[in-house]
Amino acid sequence: MKHLKKAISLIMIVMLLLVVGCAMEPVGPEESSEEESVEESEEQIGGELILATTTSTENSGLLDYILPDFEEKTGVDVKVVAVGTGAALQKGIDGEADVLLVHAIEREEAFVAEGHGPARYDVMYNDFVIIGPESDPAEVEGLKVVEALTKISEAEAIFVSRGDDSGTHTKEKSLWESAKITPEEDWYVSVGKGMGDTITMAEELQGYTMSDRATYLSMKENLESVVLVEGDEILFNQYGVMQVDPGKNDQINSAGAEAFVNWIISEKAQELIGTYKAYGEVLFNPNAK
Amino acid sequence: MDYIIEGVKGAFKLILSLDKEIYSIVLLSIYVSFASTVISSLIGVPLGLVTGIKEFRGKRLLSKIYYTFMGLPPVVVGLVTVLIISRSGPLGTVGLIYTPTAMIIAQSLLVTPIITGIIFTNSKDTGLEIINICKTLGANKKHTFFKLIKELKPLILVATVTGFGRAISEVGAVMIVGGNIKGHTRVMTTFIAMSNSMGNYDTSIAMGIILLIISFSANSFLYNRTMGDSNGYKIKKY
Amino acid sequence: MDIRLRNIKKTYNSKTVLQIDSLKIKKGKITGILGPNGSGKTTMMKIIGDLIKPDTGRVEYDGKGFESASDRLTYVSHNSYLFNDSVFGNIAAPLKFRDMKKEYIEKRVEELIDNFQIRYLKYENALTLSGGEKQKVALARALSFKPEVLLIDEPTSNIDPNFIKLIESALKRINNDLKTTIVIVTHNTAQSLRLCEEIIFMRDGNVIQQTLTKNIVNSNDEFIKEFIELN
C-alpha cells in the first residue's frame with residue numbers, strides 16, 4: 001500500500017510537470033486559426049518567425065516593448081535569436097532565420113547584392129559613445145572621434161575592443177579606419193565578447209571602449225567609467241531590416257517575414273520605437289522612409 | 001564588494017517577489033531536465049543493466065566507450081544536435097531548432113551515457129550476485145527480474161539523480177540548440193550567463209541561488225533515500 | 001535426489017582446477033568436502049549448484065539435468081548476498097518465490113527464527129547485521145523452503161563459537177527429520193568429523209579419497225594424515 005501511494009504521487013508529479021511543460025510551449029498566436037478571425041484583421045498569419053538580431057538590440061529591451069504590437073496584429077509568434085551581427089547575417093545566408101534586424105549597412109547591402117534577401121530597409125538609428133575612466137589619461141573628453149582615437153593611440157592608452165565580428169565591432173573598426181590608424185599593439189585589447197562583458201573588462205583595465213548608448217546606460221549604475229565622446233555623426237548607428245530569401249528552404253516563414261518588414265517601417269511601429277525609453281532616455285530614433 | 005552585497009540583497013527581493021519571468025524560467029529548466037532524465041533513464045537503466053550483467057566479448061571495450069561518452073562536453077553535444085536539427089540539417093524539416101523539445105533531445109544525448117555508465121559499472125558485480133542468489137533460492141525469471149530492480153533501486157536512484165543534476169546545471173547544449181530565447185527557450189543556466197554578461201548581478205545571483213537550491217534538494221533527497229536506510233551502499237560514479 | 005558427477009573438467013587460465021571422472025554424492029546423508037586451499041572444493045560445489053559451468057562433463061540429478069532439480073537444491077556460501085530487506089523479508093523470500101500462502105510463510109519463518117535464535121533481529125535490515133548474524137540469516141533463508149539438497153561452503157567460519165553448536169545441531173536435525181542431503185565444504189576437520197557421515201578429500205583438483213568418516217582418520221595417505229593432524 002505504501003508503495004502504491006508513492007507510485008501514484010510520483011506519476012502525478014510527472015504528469016504535472018508534463019502539463020506545465022506543454023503549457024510552456026508557445027501556444028498563443030499559433031492556435032488562432034485563420035478561418036476563425038472574421039472579426040480580427042485579415043492580417044492574421046500565425047506561425048513562428050525567427051528574427052535574428054544583435055545582442056545589444058535585444059538587451060536594450062526595445063523588442064519587448066514593440067513586438068507585442070506585431071504579434072497581436074498578425075498572430076505570429078516571434079522568436080528573437082540574439083547573436084553577433086556576423087552570426088545573424090550568417091543565419092540569414094544559411095536560411096536558419098526568417099528576417100534580420102541588424103546594424104551594419106555595408107554588410108547588409110552585400111547581403112542583398114549577393115541575393116540572400118530581396119531588399120533592405122532603414123528602420124532606426126541609435127548612437128555609440130566612447131567611454132573611459134574618469135581620469136581620462138589620454139584627454140579625449142569632448143573631442144571628435146578621429147581626434148580622440150588619435151590621442152588614445154599616441155598615449156598608448158588601453159582600448160578594449162569587442163573583437164567578435166558584431167555590428168558594434170564592425171562600427172568600431174570603421175572608426176579606426178576613419179582615423180587612419182591600425183591598432184595592433186598591446187594597448188589594444190580584443191576580447192571576443194559581448195558588449196556588457198567588454199565594458200566590464202574596460203572598467204577593470206581602466207581603459208577606453210566604444211559602446212552603444214543603451215548597453216552603457218543599462219550598466220551605468222555599477223560603473224565608474226563615463227561617457228567621454230558622443231554626438232559625433234560618425235557614431236550614429238543605422239539599423240536595417242531584411243527579409244531572408246524564401247527560396248532558401250521550405251521552413252522559412254516568408255509571409256511572416258514580409259509582414260514583419262512592412263510592420264516595422266509602418267507608422268505605428270515607428271512611433272513605438274520613438275517613444276521607447278530605458279534608463280530615463282529615448283534610445284532609438286525611427287527613420288524608416 | 002558592494003555590488004556583491006547589493007546583488008545578493010536584490011536577489012532575495014527578486015526571489016520573494018515571485019517574479020513571473022524568473023519562475024517561468026525555473027519551471028522550464030525543471031521541465032526540460034526532468035523530461036530528458038526520464039528519457040535517459042528509460043534507455044540507460046535497462047541498457048546499463050543488461051550490458052553490466054551479461055558476459056560477452058568486447059565488454060571491456062564497451063566499458064571504455066561508456067566512460068568516454070560519460071565525459072562528453074555539453075557544448076559538443078549541443079553542436080552535434082544543432083547540426084542535425086537546423087534547417088539545413090538532415091532533420092531540418094521537423095522544425096526543432098530553438099524549441100524546448102530540441103533542448104530535451106540534446107540533454108537526453110548528454111545524460112543517457114551518464115546513467116548507463118553508472119548502472120553498468122555498479123551492476124557488474126552486484127547484478128550477477130543477485131541473479132545467482134535468486135537462482136539458488138529457486139526464483140524464476142520474473143521473480144529474479146523484480147528482485148534485481150528492487151535491490152538495485154538505490155543504484156538506479158543515484159544514477160538518475162546524478163543525471164538530472166548534470167542536465168539542470170549544464171549551459172552549453174541548451175544554449176546552442178535553444179538559443180536562450182525569451183519566453184521560449186530561456187532556462188536558468190542560459191539566463192545566468194546572459195544576465196552576467198549584461199552586468200545584471202542581482203538577477204544572475206537570484207537565479208544562481210534558485211539553481212543551487214534545486215541542486216541541493218535533489219542531492220539531499222538522494223542522500224536520504226540511499227544512505228538514510230542504513231544501507232551502507234558504496235556506489236562508484238566513475 | 002541422487003547426484004552424480006561425470007567427466008567434469010574445469011580450467012582457468014590453462015590451469016586445470018578440477019578434474020573428476022565420476023563422483024556420487026550419497027542421498028540423505030551429510031557429506032563433508034575436505035582439503036587444502038585451491039584443491040577445487042568450492043569450484044566443485046559451484047558446479048553442482050550450477051553457478052559455474054564445467055568445460056566438459058555434466059552433473060546428473062536423479063539422472064536428469066539441473067532444471068529438474070533447480071527448486072529443490074540450494075547453495076549457501078560463506079558470504080551470501082542478503083537482500084536489502086528485513087531479516088524476516090530475507091528468510092521469507094524463497095517462499096514468496098514459490099507463491100506460498102501468507103499464513104504458511106509467517107509460520108515457517110517464525111519457526112526458523114526461533115531455531116536460529118535470531119528473534120531479536122526479526123525486523124532489522126539484514127545488511128546491518130554482523131558477519132555471524134548474516135550467516136545465520138543466509139542459512140535460515142536457504143532452508144526455508146525445505147530443500148532436498150543443501151550445499152554449504154564454510155557454514156560456520158564467521159560464527160561465534162557459542163553458536164557453532166547451534167548451527168551444527170540445526171543441520172543435524174534437518175538431515176534427521178527431513179532426510180536433507182547436506183554437502184559441507186569446511187576447513188574445520190573436527191567439525192567434519194562431528195557432522196559428516198562421509199568425507200570426500202580433495203587435492204589439486206582431484207578427489208583422492210571418498211570414504212566413511214570413521215575411515216578417514218585411519219587413512220594411509222601421508223598427505224591426508226598430515227592435513228588432519230594440522231587441522
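This is a predicted model: local features need pLDDT of at least 70, side-chain atom pairs count only at pLDDT 80 or more; totals for chains, interfaces and linings use all residues.
**The interface of chain B and chain C**

On the side of chain B, 20 residues are in contact with 25 residues of chain C. The size of an interface is often given as the accessible area lost when the parts come together. Here chain B and chain C bury about 1800 Å² between them, and carbon and sulfur atoms account for 57% of that area. Within chain B, the residues that lose the most area to chain C are Lys135(B), Thr136(B) and Leu137(B), which together make up 34% of what that side buries.

The rule finds 2 salt bridges between chain B and chain C. In one salt bridge, Asp85(C) pairs with Lys150(B), and the closest N and O atoms are 3.8 Å apart. The count of residue pairs in polar contact between chain B and chain C is 6, with both residues at pLDDT 80 or more.

Two elements of chain B give two or more residues to the side that touches chain C: helix H5 (100–136) and helix H6 (141–151). H5(B) provides the largest share of that side, 8 residues. By residue type, the side of chain B that touches chain C divides into 7 nonpolar, 7 polar and 6 charged residues.

| Item | Value |
|---|---|
| Area buried between chain B and chain C | about 1800 Å² |
| Salt bridges between chain B and chain C | 2 salt bridges |
| Polar contacts between chain B and chain C | 6 residue pairs |

In soluble globular proteins, nonpolar side chains tend to be buried together. The largest nonpolar core in this model has 67 residues, and Ile91(C), Phe116(C) and Leu150(C) touch the most other members. H5(B) gives this core its largest share, 8 residues.

Leaving aside neighbours within four places in sequence, the contacts of Leu150(C) include Thr74(C), Val76(C), Ala142(C), Leu143(C), Leu171(C) and Ile174(C). Also among them are Thr180(C), Thr181(C), Ile182(C) and Val183(C). A second, separate core of 38 residues includes Val241(A), Phe260(A), Val261(A) and Trp263(A).

**A buried serine in a loop**

Ser77(C) sits in the loop between strand E5 (73–76) and helix H2 (87–97) of chain C. Ser77(C) counts as buried because its relative accessibility is 16%, and buried means under 20%. Not counting residues up to four places away in sequence, Ser77(C) touches Gln135(C) and Asp153(C).

Terms used. Residues are numbered from 1 along each chain as its sequence is written. Chains are lettered from A and ligands numbered from 1 in the order in which they are written. Side-chain values use heavy atoms; hydrogens and water are left out. Contact means heavy atoms within 4.5 Å. Buried area is the accessible area (1.4 Å probe) that two parts lose on being put together, summed over both. A salt bridge is a side-chain nitrogen of Lys or Arg within 4 Å of a carboxyl oxygen of Asp or Glu. A polar contact is a pair of N or O atoms within 3.5 Å; within protein, one must be able to donate a hydrogen and the other to accept it, and residues adjacent in sequence count only if both atoms are side-chain atoms. Helices (H or I, at least four residues) and strands (E, at least two) are DSSP runs, numbered from the N terminus. Ala, Val, Leu, Ile, Met, Phe, Trp, Tyr, Cys and Pro count as nonpolar, Asp, Glu, Lys and Arg as charged, and the others, Gly among them, as polar. A nonpolar core is a set of buried Ala, Val, Leu, Ile, Met, Phe, Trp, Tyr and Cys residues joined through side-chain atoms within 4.5 Å. Buried means under 20% relative accessible area, exposed over 50%, partly exposed in between (1.4 Å probe, protein chains only).
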